[in-house]
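My entries follow in the order I looked things up.

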Amino acid sequence: MLSARDRRDGLPAEGAAAGLQGFAVDKTFLSSLKGILLETELALTFVIFICFTASISAYMAAALLEFFITLAFLFLYATQYYLRFDRLNWPCLDFLRCVSAIIIFLVVSFAAVTSRDGAAIAAFVFGIILVSVFAYDAFKIYRTEMAPRTTQEDQQ
């Protein structure tokens with residue numbers, strides 16, 4: 001049995017190090033293509049949220065929701081915490097996140113441009129740029145993770 005001194009000196013340091021190690025940020029992921037795409041999506045979504053807040057506040061909820069979803073995926077991928085949830089199909093979830101964001105931002109951007117306000121027009125321009133970034137991300141996910149691969153046996 002451990003004494004009070006042994007418990008105080010030995011175990012908490014090991015437990016604290018093990019607990020903090022689970023949330024260590026992978027800096028190579030942040031500089032990879034997927035990390036840069038998620039960071040770009042996060043920044044553009046925040047800019048669109050600010051533009052909608054300044055002009056049409058009815059549309060800012062869509063941008064805010066997508067901001068938090070993208071932030072969650074960036075956190076899960078950067079800390080590699082998603083590996084603990086091995087029953088989820090992460091490429092499929094990420095692909096669906098991109099496709100739903102494309103649809104939402106296309107609708108909201110075209111609806112916002114009808115107000116002819118300066119900030120709404122800026123949100124439209126950033127929205128179209130963001131849709132293209134999400135479309136590229138969805139294309140890369142589908143191409144690398146979800147597309148059926150042909151092998152030599154399939155070709156023969």
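Predicted model: local features only at pLDDT ≥ 70, side-chain atom pairs only at ≥ 80, totals over all residues.

**Entry 1: α4 against α6**

The axes of α4 and α6 come within 13 Å of each other and cross at roughly 30 degrees. An angle under 35 degrees counts as roughly parallel, so I put α4 down as roughly parallel to α6. I noted the crossing of these two helices as left-handed. On the α4 side, the contact is made by Lys34, Leu38, Glu41, Thr45, Ile48 and Phe52. On the α6 side, I listed Asp94, Arg97, Phe105, Val108 and Ala112.

**Entry 2: Glu41**

Glu41 sits in helix α4, which covers residues 33–54.

Which side chain does the side chain of Glu41 meet in a polar contact? I found that of Arg97, at 3.0 Å. Leaving out residues up to four places away in sequence, Glu41 touches Thr70, Arg97, Leu130, Val133, Phe134 and Asp137.

**Entry 3: α5 against α6**

Next I took the other helix pair that involves α6. Helix α5 spans residues 60–78 and helix α6 spans residues 90–113. I recorded a packing angle of about 160 degrees, with the axes 11 Å apart. Angles over 145 degrees count as roughly antiparallel, so α5 is roughly antiparallel to α6. I logged the way α5 passes α6 as a left-handed crossing.

From α5, the contact residues are Ala62, Ala63, Glu66, Ile69, Thr70, Phe73, Leu76 and Tyr77. From α6, they are Trp90, Leu93, Asp94, Arg97, Ala101, Ile104, Phe105 and Val108. I marked Arg97 here, as it also belongs to the α4 contact and meets the side chain of Glu41. Thr70, on the α5 side, is among the residues that Glu41 touches.

**Entry 4: Ser109**

I stayed on α6 and looked up Ser109, which lies in that helix. Its relative accessible area is 0%, so I listed Ser109 as buried. Where does the side chain of Ser109 reach? I traced it to the backbone oxygen of Phe105, at 2.6 Å. Leaving out residues up to four places away in sequence, Ser109 touches Ala123, Phe124, Gly127 and Ile128.

**Entry 5: Ala135**

Ala135 is in helix α7, which runs over residues 118–146. With a relative accessible area of 34%, Ala135 goes down as partly exposed. I also checked Ala135 against Ile102: the two are 33 residues apart in sequence, and their C-alpha atoms are 6.9 Å apart in space.

Most residues other than glycine have a negative phi. Gln80 has a phi near 55 degrees and is in the loop between α5 and α6. Its relative accessible area is 39%, so Gln80 is partly exposed.

Arg116 has a phi near 60 degrees, also positive and also in a residue other than glycine. I placed Arg116 in the loop between α6 and α7. At 72% relative accessibility, Arg116 counts as exposed.

**Entry 6: the UniProt record**

I then turned to the annotation. The unreviewed UniProt entry gives "transmembrane region" at residues 42–61, 67–83, 95–113 and 119–139. I compared two of these spans with the model. For residues 67–83, the end C-alpha atoms lie 22 Å apart, and the span is 71% helix and 0% strand. For residues 95–113, the end C-alpha atoms lie 27 Å apart, and the span is 100% helix and 0% strand.

**Entry 7: the whole chain**

I finished with the totals. The protein has 8 helices and 0 strands, and along the sequence the pattern reads α-α-α-α-α-α-α-α. Of its 156 residues, 30% count as buried.

Key
Residues numbered from 1 in each chain as written. Heavy atoms only, no water. Helix = DSSP H or I, 4+ residues; strand = E, 2+ residues; numbered from the N terminus. Polar contact = N/O pair within 3.5 Å; in protein donor to acceptor, adjacent residues only side chain to side chain. Contact = heavy atoms within 4.5 Å. UniProt positions renumbered as here; feature names shortened; annotations may be inferred. Axes fitted to C-alpha atoms, helices over the stretch in contact; angles between N-to-C directions. Parallel < 35°, antiparallel > 145°, perpendicular 65-115°, else oblique. Left-handed = near helix turned anticlockwise from the far one by under 90°. Buried < 20%, exposed > 50% of the residue type's maximum accessible area, 1.4 Å probe, protein only.
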